[in-house]
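Dear colleague,

Please find below the structure that I am handing over to you.

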Amino acid sequence: MWDPQKYLSFSDHRNRPAHDLMARVGASRARRVVDLGCGAGNLTSLLTDRWPEAAVEATDASPEMVAAAQARGVAARQEDVRDWKPLPDTDVVLCNAVLQWVPEHVELLQRWLPQLPAGAWFAFQVPGNFESPSHVTIRELAAEPRWRDRVGGVLRPDAVLPPTGYADVLTDLGAEVDAWETTYVHALTGADPVLEWVTGTALRPVRTALDDAEWAEFRAELAPRLAAAYPRRADGTTWFPFRRIFVVAHRR
């Protein structure tokens with residue numbers, strides 16, 4: 001279950017990659033634009049502001065996120081990304097921090113791109129920090145005897161490809177590809193900020209697998225480990241490096 005409030009508590013940091021991604025989309029006009037995996041709808045305005053004449057399509061698999069998007073005035077609908085099919089007039093697709101949750105997402109890209117019209121743009125970004133101290137620490141704790149049987153298998157270290165991997169896949173489909181990676185150094189504040197960050201994203205499968213008491217215990221064990229991996233500065237700032245992978249495919 002997604003918690004929109006927890007996810008949006010770091011919205012300034014989480015929104016920046018989408019802005020950087022959209023800056024590389026070269027479409028001057030669009031008939032239909034799609035926010036694929038729109039979450040709480042906070043980024044759908046990027047599409048509506050840039051292509052005000054376009055029909056806007058916003059989907060997300062989470063009923064909580066769809067409800068939050070609708071509360072913002074976004075006409076979002078609930079749909080698993082695996083079930084989405086582009087309509088014939090789809091000229092731009094934005095898929096922001098979604099595909100890492102879908103193990104078969106490369107196969108989806110191979111299905112979607114040929115279905116898009118000539119000249120369409122498909123832009124996505126995924127976190128590339130699965131070998132960062134935050135994720136390694138989570139997997140180490142999950143593999144310990146206390147937790148192994150409950151959550152040891154719910155976290156994947158190989159959830160995404162490197163930029164060259166996506167470039168190969170999409171170039172082979174006949175697209176022009178712009179792929180890159182960026183490491184953002186987020187300045188976080190507050191108590192246990194990295195724990196709070198991963199609670200809204202990476203720890204979601206763990207939360208789903210545990211009851212309330214177990215979840216509280218898991219967080220309590222994880223908190224000091226993350227604090228040691230990401231020490232707080234004397235001024236209260238915690239630096240949180242976060243690598244992301246960006247891909248923009250332009251269908252010829």
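Predicted model: local features only at pLDDT ≥ 70, side-chain atom pairs only at ≥ 80, totals over all residues.

Residues are numbered from 1 along each chain as its sequence is written, and side-chain values use heavy atoms, with hydrogens and water left out.

**Helices H5 and H8**

Helix H5 spans residues 105-115 and helix H8 spans residues 163-172; their axes come within 10 Å and cross at roughly 30°. Helices here are DSSP runs (H or I, at least four residues), numbered from the N terminus, and axes are lines fitted to C-alpha atoms over the stretch in contact, with angles from 0 to 180 degrees between N-to-C directions. H5 is therefore roughly parallel to H8, a term used for angles under 35 degrees. The contact (heavy atoms within 4.5 Å) involves His105, Val106, Leu109, Gln110 and Leu113 on H5, and Tyr166, Val169 and Leu170 on H8. By class, six of these residues are nonpolar, two are polar and none is charged. Nonpolar covers Ala, Val, Leu, Ile, Met, Phe, Trp, Tyr, Cys and Pro; charged covers Asp, Glu, Lys and Arg; the others, Gly among them, are polar.

**Salt bridges**

Side chains of opposite charge can pair when their charged atoms come close. A salt bridge is taken as a side-chain nitrogen of Lys or Arg within 4 Å of a carboxyl oxygen of Asp or Glu, and by this rule the count is 19.

One of them joins Arg150 to Glu214, at 2.6 Å from N to O. Arg150 belongs to helix H7 (residues 148-151) and Glu214 to helix H11 (residues 212-229), so this pair ties together parts that are 64 residues apart in sequence. Glu214 is buried at 13% relative accessibility, whereas Arg150 is partly exposed at 38%. Buried means under 20% relative accessible area, exposed over 50%, and partly exposed in between (1.4 Å probe, protein chains only).

Arg207 and Asp212 form another salt bridge, with their closest N and O atoms 2.5 Å apart. Arg207 is partly exposed at 28%, and Asp212 is exposed at 56%.

Glu79 and Arg77 are also paired, at 3.0 Å from N to O. Glu79 is buried at 18%, while Arg77 is partly exposed at 36%. Both residues belong to a network of salt bridges that links Arg32, Glu57, Arg77, Glu79 and Asp89.

With kind regards

How values were computed:
Helix = DSSP H or I, 4+ residues; strand = E, 2+ residues; numbered from the N terminus. Parallel < 35°, antiparallel > 145°, perpendicular 65-115°, else oblique.
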